[in-house]
Amino acid sequence: MFVTLTNMNPACQKQTPFSLLENSDHGHSFGQPVDLSPQIVISEKEYLSLKCEVGYWRSMHEKALSRIDKLNIKVEQQKGKIRDLTNRVFGKKSEKTGSGKKDGESKNTDSGEKRKRGQQPGTEGHGRTKRPDLPRIEESVDFSVVPECSKCGIAYLPDGQKESEIIEVKVKAYTRIIQRSCMKKGCTCKGVPGTVTVPMPPKVLPKSPYGISIWENVLLSKFHYSQPTNRLLGQFGEMGLPISAGTIAGGLQRMKQLFKPVYDALYDQQMTEDRFHNDESSWKVFESVEGKSGNRWWLWVSRSASVVFFKIAPGRGANVVVEHFNKIEQQKIIVICDRYSAYKSLARQLSFITLAFCWAHVRRDFFDAARKYPEITEWALDWVEKIGALYHINNKRYKAFDPTLPVPWQSATFKKEHEKLVSKINTMTEERDASINEYSSEAPDSTMLTEVKFKVLTSLKNHWIGLTVFVEHPEVPMDNNNGERSIRNPVTGRKNFYGSGSLWSSELAAMMFSIFQTLVLCGLNCHHWLRLYLTACAENNGKPPEDLSPFLPWKMDKERRQQLIKPFNTS
């Protein structure tokens, strides 16, 4: 049995009006017009084989199209990643979008003219900054030659003085020559010294030739101002004071134990509080430690009402924060943090901890989506505006909040803003859930961009309980910016001096970061505190003082606090 296939290509067809052959099988006879288009005669077996192959190649074509679609999605994802990384490296660091104008475009005034930068004409300025705490050193400047009248030659007469100001800073290195009195005995008694000498002034490191001011500058420069030690030693060298880096390292290692009691006191105080900001950042430790591969360690920070506490750890696991909060004295505490899994594990292991997630990180999700995929910028910025409105309402509510009263007893102004906030939260919840249903991957018109929206909003929904803790706890901030501000100084130091060269120096760094950031939080001057503390250690023969009360912000008296708030002057 054969099957006849007609070639339907018009270029190959030939029209013949009459057939010269009779084909009884197809109903043709002599004298009747037939179409003699080119035909191919194949066997039924070949026909069935080709028919099967049609289905195969059709399915292969569909698979190819599907693979192309997946590759196109992957390409778009890679392009989005490239845009994101390019922005991280070369883009502006601020997340502010302004009013939709292009980067670098200045705002316009109502008249349409570009607004100039700086102080605006006609507006009231703050005047020159007054500095009443700076010491005054008076100088007199006289004419080298008495001026005379240019016409008659008569000399000018004295007419008082005019006062002008020039602010200067004078830094110098010097050697203290201590002339100690010596006395010899004037008796013949035995068993007593023949001569006595006035003791040396106390030094924080008894056998070191360097005084308190040297170590004060080293500690402040490295751990408060985030400057590499070599840079400070270079400055010392230019002032005629060459000091080797090894000498400084050896001295700091000996001084580590001086600050350990203060560090422990900070931890004990923090364990009495109930509100925390937590964050972590990588920290390099260039020392081989058994059981630890690589030099990447982690610097953890926990900021409470009166203490900023840092801890260096070899890992980033939940065990670090669990260990930190194990000795907490409060029955219920709130930890403001990002959505890192270690904090979620912390809340599961310690049931008295409630996590309040950071809205700044949620806001960042939408900015990242807009950077990666410009097609959804309008959608992302719309959600950013919603979050901004939430911040605005909560800020107004917080201004009317009295922390001494529970929420039901607050003022009418607070209750009014609280109702607005609850209404806004409910509206966002409805919009979020409706959008999730619309952007679901099971929807027939689902695309890569809708999947991106779905992923961002699903994350928002999964963390919603932690994100709304601030609603019933007005004292809790909406974001973790306080924690991130506290760790900014160590991060700057990490960039400048790459971490720590040894484990002991990383522990010293955690101690000094904790002490200085706590002093800043309490509004105290780090120069004053460090000078007084090192002096107390020196007077105690190079050991920590027995009584730490004068050096702990929550224990020092009012007079002491006022002394440490003032600007630091060496004169």
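Is Lys256 buried or exposed? At 11% relative accessibility, Lys256 counts as buried, where buried means under 20% relative accessible area, exposed over 50%, and partly exposed in between (1.4 Å probe, protein chains only). The points below place this residue in the context of the chain.

1. Basis of the model. This is a predicted model, in which local features need pLDDT of at least 70 and side-chain atom pairs count only at pLDDT 80 or more, while totals for chains, interfaces and linings use all residues. Residues are numbered from 1 along each chain as its sequence is written, and side-chain values use heavy atoms, with hydrogens and water left out.

2. Confidence. The chain averages a pLDDT (the predictor's confidence in each residue, from 0 to 100) of 86, and 88% of the residues score at least 70. Over residues 8–30 the pLDDT is below 50, and this stretch has 32 contacts in the model beyond near neighbours in sequence; a contact means heavy atoms within 4.5 Å. Residues 97–107 also stay under 50 in pLDDT, with 9 contacts beyond four places in sequence. Where pLDDT is low, the predicted coordinates should not be read in detail.

3. Overall composition. The chain has 16 helices and 9 strands; helices (H or I, at least four residues) and strands (E, at least two) are DSSP runs, numbered from the N terminus. Of the 571 residues in the chain, 35% are buried. Among contacts with a separation of 6 or more, 66% come from residues 24 or more positions apart. The accessible surface comes to about 37,400 Å², of which carbon and sulfur atoms hold 53%. Accessible areas come from the Shrake-Rupley method with a 1.4 Å probe, and for residues only the protein chains shown count as cover.

4. The salt bridge of Lys256. The structure holds 17 salt bridges, each being a side-chain nitrogen of Lys or Arg within 4 Å of a carboxyl oxygen of Asp or Glu. In one of them, the side chains of Glu507 and Lys256 meet with an N to O distance of 2.3 Å. Glu507 lies in helix H14 (residues 503–521) and Lys256 in helix H4 (residues 245–270), so the pair ties together parts that are 251 residues apart in sequence. Glu507 counts as partly exposed, at 27% relative accessibility.

5. A helix-to-strand pair. Glu323 forms a salt bridge with Lys311, and their closest N and O atoms are 3.4 Å apart. This pair links distant parts of the chain, with Glu323 in helix H5 (residues 318–325) and Lys311 in strand E7 (residues 308–313), 12 residues apart. Glu323 is partly exposed at 48% relative accessibility, and Lys311 is partly exposed at 23%.

6. A pair within one helix. The side chains of Arg371 and Asp368 meet in a salt bridge at 2.4 Å, N to O. Because they are 3 residues apart in helix H7 (residues 359–372), Arg371 and Asp368 are separated by about one helical turn. Arg371 is partly exposed at 24% relative accessibility, whereas Asp368 is buried with a relative accessible area of 14%. Elsewhere, salt bridges that share partners join Arg136, Glu163 and Glu165 into one network.

7. His463. This residue is placed in the loop between helix H10 (448–462) and helix H11 (464–467). At 10% relative accessibility, His463 counts as buried. A polar atom of the His463 side chain lies 2.8 Å from the backbone oxygen of Ser459. Not counting residues up to four places away in sequence, His463 touches Arg339, Lys344 and Phe357.

8. Positive phi values. Phi of Tyr498 is near 65°, a positive value in a residue other than glycine. Tyr498 lies in the loop between helix H13 (481–497) and H14, and is exposed with a relative accessible area of 58%. Asn541 likewise has a positive phi, near 60°. Asn541 is found in the loop between helix H15 (526–539) and helix H16 (558–565), and is exposed with a relative accessible area of 63%.

9. Nonpolar surface patch. Tyr56, Trp57 and Met60 make a nonpolar surface patch of about 340 Å². Patches are made of residues with over 30% relative accessible area and no salt bridge: like charges are joined within 9 Å, and nonpolar side chains (Val, Leu, Ile, Met, Phe, Trp, Tyr) within 5 Å. Tyr56 is in helix H1 (residues 44–90) and counts as partly exposed at 44% relative accessibility.

Key. Polar contact = N/O pair within 3.5 Å; in protein donor to acceptor, adjacent residues only side chain to side chain.
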